[in-house]
Amino acid sequence: MKNALLEPLRQQLLPLPDKLLPGESLYGQAAVLVLISRTPEPSLLYTKRADHLRSHAGEVCFPGGHWEPGDLHLADTALRETWEEIGLSSYSIELLGCLEPGHTRAGTPVQPVVGTYDPHVPLVANPAELDVIFQVPLADFRRGIQVRTDRILRQGIEYRVPAYRYQHYEIWGFTAAITARLLKYLDNSADVPVGVL
């Protein structure tokens, strides 16, 4: 990934969270890791949740999950979950910062953490949680893979969230909202718009 895109992106992101103080808890909160490949033509990494899961079965998402005691902060949560879900070690990841936190349909507060990763490291989907790992080139967002705009009502406020289709995968809801937010930041970092928002 070119520094011309990476550094301006880093400058727009929120700082990584501080370590928790002894006795502090983030119970009920979650984090996801938005991973950009370190390649000449960067891609975003997504996972598809296993169809047998009770929650969000078959949905496309970023690696991540709920905070657990022992996690130093929500970025640590995102790194731990990424290792558990796709076998990508924190040694292969460079954290850049955070996007604004949001909430899932169920009301769970989620901190999106952004990082880059070495795409040459083999990834393995944990079959207890995932069906597949896939990447979407940023160039495809440029070409226009948005298929619709969903209207989501939350606490009396209507949000317009794009939905994307790549091959046979549909990226929608909270994951699409995070994607759109990142694409907007990347759009501000490059001469050529990255996303159709």
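Biologist: Which residues does Glu-59 touch, not counting residues up to four places away in sequence?

Modeller: With residues up to four places away in sequence set aside, Glu-59 touches Thr-47, Lys-48, Arg-49, Arg-105 and Trp-172, where contact means heavy atoms within 4.5 Å. This is a predicted model, in which local features need pLDDT of at least 70 and side-chain atom pairs count only at pLDDT 80 or more, while totals for chains, interfaces and linings use all residues. Residues are numbered from 1 along each chain as its sequence is written, and side-chain values use heavy atoms, with hydrogens and water left out.

Biologist: What makes the pairing of the Glu-59 and Arg-105 side chains a polar contact?

Modeller: The two side chains make this contact at 3.3 Å. A polar contact is a pair of N or O atoms within 3.5 Å; within protein, one must be able to donate a hydrogen and the other to accept it, and residues adjacent in sequence count only if both atoms are side-chain atoms. The Glu-59 and Arg-105 pair therefore qualifies.

Biologist: Why does Glu-59 count as buried?

Modeller: Glu-59 has 19% relative accessibility, and buried means under 20% relative accessible area (exposed is over 50%, partly exposed in between; 1.4 Å probe, protein chains only). Glu-59 therefore counts as buried. Its place is the loop between strand S2 (43-49) and strand S3 (60-61); helices (H or I, at least four residues) and strands (E, at least two) are DSSP runs, numbered from the N terminus.

Biologist: Why is Asp-71 also called buried, and which side chain does the Asp-71 side chain meet in a polar contact?

Modeller: Asp-71 is at 6% relative accessibility and so counts as buried. Its side chain makes a polar contact with that of Arg-80 at 2.9 Å. Asp-71 lies in the loop between strand S4 (64-66) and helix H2 (74-86). Beyond four places in sequence, Asp-71 touches Leu-20, His-66, Asp-76, Thr-77 and Arg-80.

Biologist: What makes a set of residues a nonpolar core, and which members of the largest one touch the most other members?

Modeller: A nonpolar core is a set of buried Ala, Val, Leu, Ile, Met, Phe, Trp, Tyr and Cys residues joined through side-chain atoms within 4.5 Å. The largest has 34 residues, of which Tyr-46, Phe-141 and Leu-182 touch the most other members. Helix H4 (residues 173-189) gives the most to this core, with eight residues. A second, separate core of 18 residues includes Leu-45, Leu-88, Ile-93 and Tyr-117.

Biologist: How do you know that the radius of gyration agrees with that of a compact globule?

Modeller: The radius is taken over C-alpha atoms, and the globule rule is 2.2 Å times the number of residues to the power 0.38. For 197 residues a compact globule would have a value near 16 Å, and the protein chain has 16 Å, so the two agree. Of these 197 residues, 48% count as buried.
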